[in-house]
Amino acid sequence: MLLRLLLLLALCGAGSAAMVVSVSLRGSWRIRSGNGSLELPAEVPGCVHSALFHQRLIQDPYYRFNNLNYRWIALDNWTYIKKFKIPFDLSKWRKVKLVFEGVDTVTVVLLNNIPVGETDNMFRSYSFDITHVVQAINILEVHFQSPVIYADQRSKVHTHYSVPPNCPPRVQDGECHVNFIRKSVTIETWWPHGHGNQTGYNMTVLFKLDGGLSFEKSAKVYFRTVELIEEPIKGSRGLSFYFKINGLPIFLKGSNWIPPDSFQDRVTSALLRLLLQSVVDANMNALRVWGGGIYEQDEFYELCDELGIMVWQDFMFACALYPTDQDFMDSVRAEVAYQVRRLKSHPSVITWSGNNENEAALMLNWYDIQSSNLSTYIDDYVTLYVKNIRRIVFEGDQTRPFITSSPTNGAKSTAEGWLSENPYDPNYGDVHFYDYVGDCWNWKIFPKARFVSEYGYQSWPSFSTLEKVSSKEDWSYESKFAHHRQHFTDGNYKMLHQAALHFKLPQSADQLRKFKDTIYLTQVMQAQCVKTETEFYRRSRSEVVHGEGHTMGALYWQLNDIWQAPSWSSLEYGGKWKMLHYFARHFFAPLLPVGFENEDVFFIYGVSDLHSDHKMMLTVRVHTWSSLEPVCSETTKPFVMKAGESALLYDKPVAELLRGCTNCTRQSCVVSFYLSTARELLSPTNYHFLSSPKEAKGLHKANITATISQQGDTFVFHLKTSAVAPFVWLDVGSIPGRFSDNGFLMTEETRTVFFYPWKPTNESELERSFHVTSLADIY
């Protein structure tokens with residue numbers, strides 16, 4: 001059971017000197033299990049798991065198989081108890097209210113042994129009048145019912161038809177009937193960043209009342225406009241789907257956000273800032289808050305405002321159908337009204353979305369609904385998302401667009417009665433795309449869509465992250481632990497399948513070495529796959545091919561992680577950067593050259609998110625795997641890269657390219673390229689493999705050494721290599737921080753990389769923890 005409480009005692013004075021005083025009930029409480037066998041101290045905000053852990057009654061819930069071992073906690077009923085005094089003379093106060101925010105989830109509230117209210121939705125606030133119950137000294141009890149049992153009971157009451165899915169896939173180890181309870185169900189001006197300043201203004205409003213009384217309220221305000229543009233595109237049968245901020249079309253570059261911990265009391269201000277700073281450090285400008293998690297705390301949105309991160313905000317409905325009985329709808333209406341009121345002042349929030357994948361689930365019949373019953377579920381869908389949620393959103397906020405679902409065909413879905421026959425039509429709206437069987441290096445498997453709001457590949461987190469929640473017997477790709485932590489059907493196999501298409505799989509006889517090498521390779525695979533896909537979407541920005549294209553958004557799945565396990569994330573649990581996140585810093589760069597092949601011709605596109613045109617040149621170099629000196633190089637004549645566009649810069653048959661390079665074949669050479677002026681590098685250096693690395697000829701194990709020095713708060717790693725080295729991975733174990741670059745192709749003898757620590761460290765500690773791996777090391 002997850003609990004997060006914020007309790008305020010609001011007192012309204014009588015007479016002409018009307019005022020409001022809040023008394024916080026945060027801090028020390030006691031909790032008691034259902035049968036009274038356990039009673040212990042607890043903190044609010046907090047949760048039962050945290051209280052049990054702090055009293056050493058349980059281990060870390062994330063350790064090994066504890067998410068299963070501690071299921072009993074969620075099946076029990078728990079009571080939170082607090083004794084408190086009122087620091088005022090109650091006779092002078094006209095009304096006293098008890099205010100709850102974020103109560104998770106089903107409770108009965110008693111004050112001095114008298115029921116004063118109930119809650120059943122963690123996504124809304126509650127206010128209970130306790131004027132005639134409150135005393136100078138009080139005992140407050142919050143009785144929590146097991147959410148698992150409550151959801152099961154609610155599903156049984158709903159007898160006239162089923163609301164699928166009944167249960168999640170077995171591999172996820174999840175609970176059943178989650179769509180019957182309004183709580184988080186986790187998985188197991190202003191300008192956007194890069195486009196201008198996030199200027200805010202301090203506003204103070206002064207209220208003057210009769211009798212000479214006055215009070216004032218101060219707040220930070222921002223100014224920006226947002227439009228969702230859906231209009232005909234020349235050469236296409238569909239409609240555009242992109243956002244304009246302050247009148248400027250913006251390509252959304254980013255990822256999907258999930259709750260950073262199952263236990264919300266662990267989500268500190270420092271962790272939120274670390275994760276969101278990592279967003280902008282990787283050149284992202286947008287996050288989609290996924291509808292299967294939670295509405296984030298105020299500080300999340302405040303930081304997004306500050307950092308220039310656009311937020312696509314889902315309402316918390318995901319991958320399921322939902323009931324529409326009166327009690328459920330009343331709860332949802334209160335939830336939506338509360339969240340819109342709470343979040344609408346944040347300029348970072350650019351759109352509301354009714355749900356995650358429920359249009360697709362219904363219209364593509366994920367739950368095997370009989371055709372004779374389809375109209376019932378369609379009516380429920382329109383009732384919930386259109387007649388209620390959409391209406392309430394527009395009553396509270398008409399400054400942002402509302403999308404009924406993601407993916408959706410947008411205006412086309414609306415015209416078809418809010419549900420399209422094929423919600424994945426690439427000519428409309430946004431799409432989600434996953435393909436674990438096809439070759440991710442083949443850009444032709446990806447949809448040339450208007451906007452791609454979910455796509456991705458899995459990888460394992462680093463060994464230093466896993467080590468904290470595992471034992472020696474777990475350190476194998478075939479261990480029980482490795483299968484237990486994988487909550488995606490055949491996910492471990494699918495990672496190896498994708499990796500084996502282009503890489504040799506690790507074969508070390510040493511079990512631990514093989515496990516670490518496999519972790520490394522899954523991160524290489526994930527980073528390279530998402531790189532190829534994202535670069536395809538970015539270069540599709542300005543073109544329409546066979547009626548498809550004009551792509552204006554790429555939000556990969558997913559940014560952060562909720563525990564230490566294999567997943568699609570680019571940030572590990574706690575914030576450590578995977579190789580994918582370092583790659584994202586390059587493939588989301590504001591100016592980027594993108595290379596690819598078609599019919600044995602090598603093409604390079606230039607992609608610009610800049611606001612002005614720039615004159616530049618393209619340099620193309622070819623290296624052999626066996627030499628640190630380029631075998632050939634060419635630079636184009638200066639050209640103008642237009643603002644906010646992608647354009648073809650270079651094309652040459654591969655055979656012709658190699659003919660000018662001594663002793664080069666597809667297997668023995670690799671291509672790199674970058675954009676520059678005569679004086680400086682303007683883009684990251686990108687690269688293109690002419691063959692799979694597993695077929696590379698002349699690739700040797702590189703002896704890479706590092707000399708570490710300190711410059712202020714930053715550490716400098718001076719690297720030296722004996723050979724060309726692909727996917728060079730620098731790791732300092734559990735020392736928190738990030739490198740300026742990582743996972744790179746090293747084609748020169750020396751390279752300087754910076755390390756930015758997130759906590760104090762020193763040279764000797766870094767030297768002890770430092771380890772470097774490149775691709776040939778795992779063979």
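**Close-up 1. The buried face of helix H13.** Helix H13 covers residues 491-500, and its buried residues are Gly 491, Asn 492, Met 495, Gln 498 and Ala 499. Looking down the axis of H13, you'd find these buried residues within an arc of 130°, so they line one face of the helix. (The arc is taken from the directions that run from the helix axis to the C-beta atoms.) Here's the general rule: an α-helix has 3.6 residues a turn, so residues three or four places apart point the same way. The partners that the buried residues of H13 pack against are helix H12 (480-484) and helix H14 (511-539). As for the terms, buried is under 20% relative accessible area, exposed is over 50% and partly exposed is in between, using a 1.4 Å probe and protein chains only. Contact is heavy atoms within 4.5 Å. Helices (H or I, at least four residues) and strands (E, at least two) are DSSP runs, numbered from the N terminus. This is a predicted model, where local features need pLDDT of at least 70 and side-chain atom pairs count only at pLDDT 80 or more, while totals for chains, interfaces and linings use all residues. Residues are numbered from 1 along each chain as its sequence is written, and side-chain values use heavy atoms, with hydrogens and water left out.

**Close-up 2. The Cys 440 to Cys 529 disulfide.** Cys 440 and Cys 529 are joined here, with their sulfur atoms 2.0 Å apart. The link of Cys 440 and Cys 529 is left-handed, with -70° about the S-S bond. This pair ties together distant parts of the chain, 89 residues apart: Cys 440 sits in the loop between strand S21 (431-433) and strand S22 (452-455), and Cys 529 sits in helix H14. Cys 440 is buried at a relative accessible area of 1%, and Cys 529 counts as buried at 1% relative accessibility. A disulfide here is a pair of cysteine sulfur atoms within 2.5 Å. How many disulfides does a search of the whole structure find? It finds four. With the bonded cysteines of the protein numbered in sequence order, the pairing goes 1-2, 3-4, 5-6, 7-8.

Close-up 3. Cys 632 is bonded to Cys 661, S to S 1.8 Å, and the link is right-handed, with 60° about the S-S bond. Again distant parts of the chain are linked, 29 residues apart: Cys 632 is in strand S29 (residues 632-635), and Cys 661 is in the loop between helix H16 (654-659) and strand S32 (669-676). Both Cys 632 and Cys 661 are buried. In the other pair, the sulfur atoms of Cys 664 and Cys 669 are 1.8 Å apart. The link of Cys 664 and Cys 669 is left-handed, with -90° about the S-S bond. Cys 664 is buried with a relative accessible area of 12%, and Cys 669 is buried with 1%.

**Close-up 4. The second largest pocket.** This pocket holds about 930 Å³ of space. Its lining has 26 residues, and those nearest its centre are Gln 297, Asp 298, Tyr 338, Arg 342 and His 346. Strand S12 (214-221), helix H6 (298-307) and helix H7 (326-343) are the elements that give two or more residues to this lining. By type, the lining residues split into eight nonpolar, six polar and twelve charged. The search runs on a 1 Å grid over the protein atoms alone: a cavity is a set of points where a 1.4 Å probe fits but cannot get out, a pocket is an open set with protein on both sides within 12 Å along at least five of seven lines, and lining residues have an atom within 4 Å of a point. Grid points are joined across faces, edges and corners, and a volume is the space filled by probe spheres set on the points.

**Close-up 5. The largest cavity.** The largest cavity has a volume of about 80 Å³. Its lining includes Tyr 322, Tyr 377, Tyr 381 and Tyr 385. Helix H8 (358-363) and helix H9 (374-396) each give two or more residues, and H9 supplies the largest share, five residues. The lining residues are eight nonpolar, two polar and one charged.

**Close-up 6. The second largest cavity, back at helix H13.** About 60 Å³ of space lies in this cavity. Among the residues that line it are Gly 491, Lys 494, Met 495, Gln 498 and Trp 568. H13 gives the largest share of the lining, four residues.

Methods
Ala, Val, Leu, Ile, Met, Phe, Trp, Tyr, Cys and Pro count as nonpolar, Asp, Glu, Lys and Arg as charged, and the others, Gly among them, as polar.
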